[in-house]
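Subject: Structure handover, aromatic pairs

Hello,

Here is the structure for your files. Please open it alongside this message, as the notes refer to residues by number.

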Amino acid sequence: RQLLADPIAAAEVSSMSAELLTATRDRLLVTYASRTVERTLKALRTAWAWAEKEGAILPDWPGVRVVVYDKRAKPVPRDAEVDAICAHLAALDDWRVVAYLVLVETGARRGEVMSLRLDDVDFAEGMIRVRGKMTARAGPQATRSIPLRHDGEALDALRCWCRDRLPGPLWPRVTGSAFGHALRDAAEAVGVRPMSPGAWRRRASGAMISAGKFAEIKAIMDHSLVQALKDYNRPEGDAVREAAAVLQRPRHRRDTGAQVAAAHARK
C-alpha cells in the first residue's frame, strides 16, 4: 500500500537503482515509522527475489538500509492498569476475562492465546501448550508449554470456563482482532491508556528480565534474550527512576564533595 502511493510505483523495473530506492525510502520516512518502511522495502525485496526465481530478468537488487528507531513510546501496563482492565472484563462474565488472564500470566502472543484448544490445557500439570513463531520452525505440530500457577487466577478461570466445554477451540468463533478490540474497549471504559495485546507481552518480558530469568525467556516467551532486550523490554516510570537511582552517589560522599567545593571557593 505504501509503495503503490509512492512515485516508485510508476518506475520501470529496469531503472531500479540504489539512488531510486534511497529516494523512495526517504520519502516514506516522512510519513511512516521507520519499522514500517523497513518492512515495506523488505516486502519489495521478497517480491523481487520471487520474480528472479520465476525467470524474470532483473538488475541486481540495490540494497538500501533503513535505520529502525522507536518513533513512539510503547506502553507497558502498570499493575493498577492490569487490575482495572481485569475488573471490567470480569463484570462481562464471558470468554474475554479468561483469555485476558491467560494473556497476563503467560506473556503469550494474542494469536497463541486465541488459537488454544481444550486439549491444549493440562489442568493436572497446570500447563498450556501454544504454537508460536519459533516453535513452528520445528514442524507444524510443534508446541511449547507454559506453566500456570496452581494458585493463580488464570488456571482457576480456565477450569470454570472449560468445565462444560466440548473438545475443540477454547473460545467462541472470534478472531484475534476481536480480542484486541475487547482490550481497548475495556481500557477506555476504565480510563486506562489504550494498549495493544503486545503491551502485555512486553510486560511479561520485562518482568522476567527484572527477575533475572534470562535462561528461561526463550522457553516461555518464544524469543531470545537479545530480542527481549531490543524489542520487548520497555522500562518506564518507576523502573527507570529506580535504575537512575543506582547512579547516584551515597549521601556522605555528596556531603564530602560539597565541602571540597566550598573550600576551593574560599581560596
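What follows is a short account of the aromatic rings and where they sit. Please keep in mind that this is a predicted model.

A pair of aromatic rings is described by the distance of the centres and the angle of the planes. With ring centres required to lie within 6.5 Å, the count comes to five aromatic pairs. Two of them are set out below.

Trp 95 and Trp 171
The ring centres are 6.4 Å apart and the planes meet at 50°, so this pair is tilted. Trp 95 belongs to helix α4 (residues 95-106), while Trp 171 is in the loop between α6 (153-162) and α7 (176-190), so the pair ties together parts that are 76 residues apart in sequence. Trp 95 has a relative accessible area of 9% and is buried. Trp 171 is also buried, at 4% relative accessibility.

Tyr 100 and Trp 200
This aromatic pair is edge-to-face, with 5.7 Å from centre to centre and 80° between the planes. Tyr 100 is in helix α4 and Trp 200 in helix α8 (residues 198-210); the pair therefore ties together parts that are 100 residues apart in sequence. Tyr 100 counts as buried because its relative accessibility is 1%, under the 20% cut-off. For Trp 200 the relative accessible area is 2%, so this residue is buried.

Trp 95 and Trp 171 form one aromatic cluster together with Trp 161 and Phe 179.

Regards

Definitions and conventions. Residues numbered from 1 in each chain as written. Predicted model: local features only at pLDDT ≥ 70, side-chain atom pairs only at ≥ 80, totals over all residues. Heavy atoms only, no water. Phe/Tyr/Trp six-rings, centres within 6.5 Å; stacked < 30°, edge-to-face > 60°. Helix = DSSP H or I, 4+ residues; strand = E, 2+ residues; numbered from the N terminus. Buried < 20%, exposed > 50% of the residue type's maximum accessible area, 1.4 Å probe, protein only.
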